[in-house]
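I opened the model and kept notes as I went. The entries follow the order in which I looked things up.

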2 protein chains.
Amino acid sequence: MKPKLNDVAKLAGVSATTVSRVINNHGYLSSQTKEKVFAAMRELHYQPNNMARSLQGKNTRLIGVIFSDISNPFFGEMVSRIEKILFAKNYKVILCNSADDPQKERDYLQMLMANQVDGIIAGAHNLGIEEYQQYGLPIISFDRYLSDNIPIVSSDNYQGGWLATQTLHQAGATNVAIFTGKSHAGSPTNGRREGYEAYLTAQQLTPHVHELPFELTPALKMMEIKTIMTQHQYDGIFCSDDLTALLVLNVARQLSLTVPEQLRVVGYDGTALIRDYHSELTTVEQPLADISTLLVSLLLQRIEDANCTLESKYTLPVNLIKGLTA
Amino acid sequence: MKPKLNDVAKLAGVSATTVSRVINNHGYLSSQTKEKVFAAMRELHYQPNNMARSLQGKNTRLIGVIFSDISNPFFGEMVSRIEKILFAKNYKVILCNSADDPQKERDYLQMLMANQVDGIIAGAHNLGIEEYQQYGLPIISFDRYLSDNIPIVSSDNYQGGWLATQTLHQAGATNVAIFTGKSHAGSPTNGRREGYEAYLTAQQLTPHVHELPFELTPALKMMEIKTIMTQHQYDGIFCSDDLTALLVLNVARQLSLTVPEQLRVVGYDGTALIRDYHSELTTVEQPLADISTLLVSLLLQRIEDANCTLESKYTLPVNLIKGLTA
DNA sequence: ACCAATATGTCAATCGTTTGACATTTTTAT
DNA sequence: ATAAAAATGTCAAACGATTGACATATTGGT
């Protein structure tokens, strides 16, 4: 069996209490004793049992991270960053892919509770507000309103939508469409669309909104896009995420539309993947590093002091990455 | 505070033992009592404390999943699949991005031990073999030899390398290079390179191996590729991963090389992302679904019966996805 | 009315570690 | 030499749930 605290104590020739004190650096300890104990721990490859520790009320240092699906590069990069930051602070991540399934999300929440996580970073949002509220846990939300006492971190979607549309317009487009997801209440893409509409209205131009169902496979989405693009002669398209923008560029190629002359395209997100492998795409970059840092930092504040007052909303500025498509 | 088993017992008007029995479905129980207890659990939003449970020797149902970085789409997709499969079997994933840093990998292993994970799926491999052996934990490795008693799941890298090269050759290429990572002992890319060399040798052609350092940023890698491609006039390039293939295609565009007429390109991995957004790329697809399923299934076998005999190596067939680049 | 099966309760030990109370010994400073 | 500080020990009660031993009560079937 795995070595326990008592085995270490025996090997080191000290009492169990002393070993515990060494581990927790508690009370008076001579450096010789410490060394003896550490040596014994090394020799036995001893690792204190975190389950037992957390029973005493110690933090588990586990954080639940819920996103819809990390195989989406945007979430993948974000979770990867969050994990790295948390690891540096000695926290571990329990990964939850909710797959946009409310029941799965609910199950995950319960599971996270059962595992005594210290807090949750929520980036998937299908559940009603109450479900998140009823657990008295520190929670920080990414990009969506959950409840009054759950702070939201997001980038400036409105500004991003405005910026994207402005970029298309200034690149010469006048007949500008937006391809976005279904507009859910509280959904982040709403802001992007509002920015888009506001800019066009300010320019006395007409918005053309196309909602592409979220569940569509990329192949189906592409067909849909092709249909839309043949029926309308847009000269500028703002896609509310970069992957959709790639599909639009593919379709443009199929339809022999020259980019950016006949068609201008702006995407959204600006992940490292897109910047590195699709530098041609003009896109609005969300500050993923800052978002991740802030999410973690707020959560840890809440964990350390449950009563600390946090803003209800943190909005980070976006940045336009100028490529060749607009 | 969070409700405990005793609170449920009080509310339901039964003993703590009965509640525990209901939870674990142990011994005689009337359906009325069960209902009363469940009702009380619901009312209190009770979740049994997994820490306390696992102290009795119950499994934690936590699995450590170590990969170098899930922001790489290949690993992202793989971890996403693994997580989904494990969740369906009521296991949770502790996510570990080793970032190709041996020390981080070591820290992760210790952390996973401290958290009493039931097993580990290891897809990052920087540590010496001993380090994985010394923990008597069920471990399954993806694509790399760790130790005799740690089963390896991988796809047929040799066959994949052969297939890719054959595809380039049959598409008309005779001066065929391979772009691969640094060849580490036990590294999976070795097999791909061997398949590449074997095919060329069988065809009386000369292999040209270019090792691109793993750590390079994509931008630097692209420069390197450009240098290589201008110095040599290859008419076929086999990239040991798809992202590198995208860079090669970018460079080809910069150098005004027509694909596939002047230059044929074959990638490797065939993730959903590539299939969906770069269907033009000819690539060797690793059976990610099967690999993930097998990894999980073997691990759970080991967890359920530590002595069960498993093969030391499981090799799954690869599949050529014909695109337009070769 | 009687035996068995079913249902529930009480009690206590256990899992591995932490922590406080208290006692004892050793070291250090004056 | 002496008191304070430092170092270690013993003991036991937590933490929250599980589980076995055992007792008791309620059923149902015959």
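**Ground rules.** I took two strands as paired if DSSP finds at least two bridges between them. Helices (H or I, at least four residues) and strands (E, at least two) are DSSP runs, numbered from the N terminus. This is a predicted model, where local features need pLDDT of at least 70, side-chain atom pairs count only at pLDDT 80 or more, and totals for chains, interfaces and linings use all residues. Residues are numbered from 1 along each chain as its sequence is written, chains are lettered from A and ligands numbered from 1 in the order in which they are written, and side-chain values use heavy atoms, with hydrogens and water left out.

**Entry 1: strand 9 of chain B.** I began with strand 9 (residues 264-269) of chain B and strand 10 (residues 282-285) of chain B, which pair in the parallel sense over 4 bridges. B:Y268 stands opposite B:V284 in strand 10 of chain B. B:V266 faces B:T282 in that strand.

Buried means under 20% relative accessible area, exposed over 50%, partly exposed in between (1.4 Å probe, protein chains only).

Entry 2: I call a crossover right-handed if, with the strands pointing away from the viewer, the path from the first strand over the helix to the second runs clockwise. Strand 9, helix 12 (residues 272-277) and strand 10 of chain B also make a right-handed β-α-β unit.

**Entry 3: strand 10 of chain B.** I checked which way the side chains go. B:T282 and B:V284 point one way, B:T283 and B:E285 the other way, and all are buried. I also found 3 bridges to strand 12 (residues 319-321) of chain B, with the two strands antiparallel. B:T283 has B:I321 as its bridge partner in strand 12 of chain B.

**Entry 4: B:R192.** I looked up this arginine in helix 9 (residues 188-202) of chain B. Is B:R192 buried or exposed? B:R192 counts as buried, because its relative accessibility is 5%. Contact means heavy atoms within 4.5 Å. Leaving aside neighbours within four places in sequence, I listed its contacts, among them B:D143, B:N157, B:F238, B:Y268, B:D269 and B:Q286.

**Entry 5: the sheet within chain A.** I traced an open sheet of 6 strands in the order 7-6-8-9-10-12 (chain A), with mixed pairing. Strand 7 (208-211) and strand 12 (319-321) of chain A are the edge strands, each pairing on one side only. The twist averages 20° from one strand to the next. Axes are lines fitted to C-alpha atoms, for helices over the stretch in contact, and angles run from 0 to 180 degrees between N-to-C directions.

Helix 9 (residues 188-202) of chain A lies across strands 6, 7, 8 and 9 of chain A, at about 175° to strand 6 of chain A. I found helix 11 (residues 242-254) of chain A across strands 6, 8, 9 and 10 of chain A, at about 155° to strand 9 of chain A.

Entry 6: I then traced an open sheet of 12 strands, in the order 11(A)-5(A)-4(A)-3(A)-1(A)-2(A)-2(B)-1(B)-3(B)-4(B)-5(B)-11(B), with mixed pairing. Strand 11 (313-316) of chain A and strand 11 (313-316) of chain B stand at the edges with a single partner strand each, so one side of each has no neighbour in the sheet. Helix 13 (residues 288-304) of chain B lies across strands 1, 3, 4, 5 and 11 of chain B, running at about 160° to strand 4 of chain B.

**Entry 7: the two copies.** I laid chain B on chain A by a turn of 180° and a shift of 0.0 Å along the axis, with an RMSD of 0.1 Å. That is the relation of a two-fold axis. The same surface serves both copies, as 100% of the contact residues of chain B recur in chain A. Copies are superposed by least squares on the C-alpha atoms of residues with pLDDT of at least 70 in both.
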